[in-house]
Amino acid sequence: MSAPSENIAMAATAPRVKPLWLRHLPYFIGCAILVSLAATVQFDGYIHNILMQATTFAIAVFGLSVVLGLCGQINLAQAAFFGLGAYAVGLGTADYHVSYWLCLAGGCVVALLAGAFLGMSTLRLGGHYLAMVTISFQQIVTLVMINSIWLTHGPDGVSRIGRPDLFQSSQSYLAFCVAMLALVGYVVWHLADTRLGRAMRAVRDNELAAGVVGIDVFRTKVSAFALSAVLGGLAGGLFAGGFAYVSPDQFSFAESVVFLTMSLLGGVASPIGSAIGTGLLILIPEWLRFLKSVPGLYLAIYGLSVILIIRYMPDGIWGFAKLATERWWLKARALAGGPALQLAPATVGGDIVLSVKGLSKHFGGLKAVDNVDIDVRRGGVHALIGPNGSGKTTTLNVLSGIYKATSGTVVLDGTDITDMPPHQRAAAGLGRTFQNIRLFRSMTALENVIIGAERPGNTLTGKADDEALTARAMSALTFVGLGSRADELISSFSYGHQRLIEIARALGANPTLLLLDEPAAGLNSSEKLELHALLKRIAAQGLTILIIDHDMTLVSEAAQHITVLNFGKRIADGESLAVLRHPDVVSAYLGTE
Ligand SMILES: Nc1ncnc2c1ncn2[C@@H]1O[C@H](COP(=O)(O)OP(=O)(O)OP(=O)(O)O)[C@@H](O)[C@H]1O
């Protein structure tokens with residue numbers, strides 16, 4: 001660990017940043033050129049159809065880059081959302097002569113509601129189960145399209161679909177779709193750096209840690225699903241207007257797989273990758289068309305190329321290209337340190353900041369924590385110690401809401417948090433680190449700490465803008481001695497430094513109470529000394545720490561108060577030196593004859 005300087009009160013020398021619109025001007029100029037080309041160049045019908053398909057499909061695939069790329073949730077029903085939008089425009093304009101715009105908006109709303117509903121089912125589901133739920137939804141939508149002939153015209157599909165008066169010609173409609181693609185691409189591109197986007201990435205990287213730093217995991221997942229579905233619905237509505245005809249086979253499960261492949265092939269984490277994947281999967285079949293004379297060869301080559309790309313470029317084509325260029329240009333950008341870290345723990349609940357009464361946690365017949373009382377006094381360091389398996393981590397997990405208490409109450413700074421989920425406890429002022437480090441591994445150190453600083457209820461940032469959050473996060477990283485490496489990805493840090501980043505993430509949130517679960521585990525002796533110094537500097541700012549650790553030197557030097565557990569029960573509690581000399585504690589640690 002690099003030595004954190006005591007002298008961290010550097011002024012924030014924020015570099016002058018160009019205004020947002022100026023930074024994004026090249027994007028808008030590029031898009032304006034594309035829209036003008038689409039509006040003016042005369043394409044033949046075949047090319048025009050390919051462009052129309054690529055443009056509308058890309059918008060649907062952008063939806064997947066939100067739900068899968070950003071939030072890590074599998075969605076095998078994007079073609080169903082696409083179909084909902086397409087049928088809303090198709091049936092609305094052809095059968096009921098409703099305005100195109102109303103139908104497009106209606107399709108988006110229907111898709112949004114369906115996506116939110118599907119997202120809600122993800123609360124307890126993941127992996128295979130989530131995939132199955134989305135496949136089932138896809139099948140239901142397809143069956144309704146085929147069988148509800150009175151409404152959807154069944155397998156015959158819907159023809160004579162209308163377009164808005166403004167874009168009646170095919171060319172002007174294509175230009176309109178390209179403009180929509182540019183707009184959606186801009187939103188999705190920027191989403192990753194917004195509060196919601198960071199929350200999605202945090203949920204994708206580590207759901208447990210996301211909840212503990214204050215992110216409402218459920219709401220984040222539902223938002224991702226809903227947004228993805230809206231983009232699917234919008235794309236479908238545009239598609240219906242473009243081709244003037246829709247039928248159920250265009251929105252089948254196979255199409256959902258095609259959307260998924262497009263997004264994986266290009267690189268699911270980025271809209272640029274999604275656009276590349278969409279373009280390629282629309283163009284490759286056209287390029288290989290000449291092989292269609294040899295039965296089976298076309299499909300074999302097509303399938304093999306997709307398998308090879310995904311096998312050798314797991315992050316997709318764009319991910320591969322980005323990594324290669326980043327390696328080429330890699331120069332760790334040394335950022336200036338932030339302003340001195342200010343901790344202002346809330347002080348509403350009197351002398352006792354955490355009051356735990358009669359806390360129990362049973363796993364079946366095992367009483368991992370059994371009727372434990374702990375009072376943590378405001379300011380200073382309180383240690384929770386005990387032999388292996390005595391219930392320390394379980395206690396911390398119950399305190400932070402990862403486990404539900406079997407019985408007992410937990411009051412933080414005057415607020416009863418016993419029944420709150422992890423993110424609400426974080427909002428109430430509880431910060432923590434983990435025995436097995438839980439950082440968001442695809443993000444930089446700075447991004448990890450920004451997520452901490454965004455904690456709802458952080459009085460020091462409030463509804464602060466990105467600059468204030470970045471300054472807060474930089475000051476926390478500088479405080480732990482890693483300000484100069486803020487822009488590096490987590491994977492480039494040593495184990496000891498990752499522990500410090502986790503502490504910085506908790507400090508950025510300005511908690512009322514900081515729970516540290518074995519922060520010295522795996523550190524060498526000099527790293528432990530630095531950790532000790534860091535704990536002192538944190539405590540000097542008035543932040544209360546509840547620490548678990550097996551290192552008795554660290555515990556006896558850092559903690560003023562110790563609670564000892566053995567077999568889930570509290571066997572001693574009081575001032576440090578007295579507790580460490582307590583005969584029950586000595587026998588629990590050394591064993592009795
Ligand atoms: N999720 C779980 N399901 C069942 N048993 C559990 C679970 N978590 C912990 N336990 C059990 O509860 C007891 C207490 O475990 P806990 O991890 O809290 O101890 P600890 O004091 O933190 O130990 P260590 O110092 O080794 O980390 C152990 O017997 C453990 O096996």
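User: Where is the place of Leu446?

Analyst: Leu446 lies in helix 18 (residues 445–453). Helices (H or I, at least four residues) and strands (E, at least two) are DSSP runs, numbered from the N terminus. Please note that this is a predicted model: local features need pLDDT of at least 70, side-chain atom pairs count only at pLDDT 80 or more, and totals for chains, interfaces and linings use all residues. Residues are numbered from 1 along each chain as its sequence is written.

User: Is Leu446 buried or exposed?

Analyst: Leu446 is buried, because 25 other C-beta atoms lie within 10 Å. A residue is buried if 20 or more other C-beta atoms lie within 10 Å of its own, exposed if 12 or fewer, and partly exposed in between, with C-beta atoms placed from the backbone.

User: Which residues is Leu446 in contact with, leaving aside neighbours within four places in sequence?

Analyst: Leu446 is in contact with Ala473, Met474, Leu477, Ala486 and Asp487; contact requires C-beta atoms, placed from the backbone, within 7 Å. The C-alpha atoms of Leu446 and Leu469 are separated by 10.0 Å, and these residues are 23 apart along the chain.

User: Turning to the ligand, which residues are around it?

Analyst: The residues around the ligand are Phe363, Leu366, Ala368, Gly386, Asn388, Gly389, Ser390, Gly391, Lys392, Thr393 and Thr394. A residue is near a molecule or strand if its C-beta atom, placed from the backbone, lies within 6 Å of it. The elements giving two or more residues to this shell are strand 2 (366–377) and helix 16 (392–399).

User: Which element has the largest share of the shell?

Analyst: Helix 16 does, with 3 residues.

User: How many residues of that shell are nonpolar, polar and charged?

Analyst: The shell divides into 3 nonpolar, 7 polar and 1 charged. Here Ala, Val, Leu, Ile, Met, Phe, Trp, Tyr, Cys and Pro count as nonpolar, Asp, Glu, Lys and Arg as charged, and the others, Gly among them, as polar.

User: What does Thr394 touch, not counting residues up to four places away in sequence?

Analyst: Thr394 touches Lys361, Ala368, Val369 and Tyr403. Thr394 and Val369 are 25 residues apart in sequence, yet 7.1 Å apart in space, C-alpha to C-alpha. Thr394 is itself buried, with 22 other C-beta atoms within 10 Å.

User: Now the sheet. In what order do the 6 strands of the open sheet come?

Analyst: The order is 6-7-8-3-9-10, with mixed pairing; two strands pair if DSSP finds at least two bridges between them. Strand 6 (430–432) and strand 10 (569–575) are at the edges with a single partner strand each, so one side of each has no neighbour in the sheet.

User: How many bridges join strand 3 to strand 9?

Analyst: Strand 3 (residues 381–385) and strand 9 (residues 561–566) run parallel and are joined by 4 bridges. Ala383 has Ile562 in strand 9 as its bridge partner.

User: And what joins strand 9 to strand 10?

Analyst: These two run antiparallel, joined by 6 bridges. Strand 9 and strand 10 form a hairpin with 2 residues between them, and Phe567 in the turn has a positive phi of about 50°. Asn566 has Lys569 in strand 10 as its bridge partner.

User: Finally, how many helices and strands has the protein chain?

Analyst: The protein chain has 24 helices and 10 strands. Of its 593 residues, 48% count as buried.

Methods
Two residues are in contact if their C-beta atoms, placed from the backbone, lie within 7 Å.
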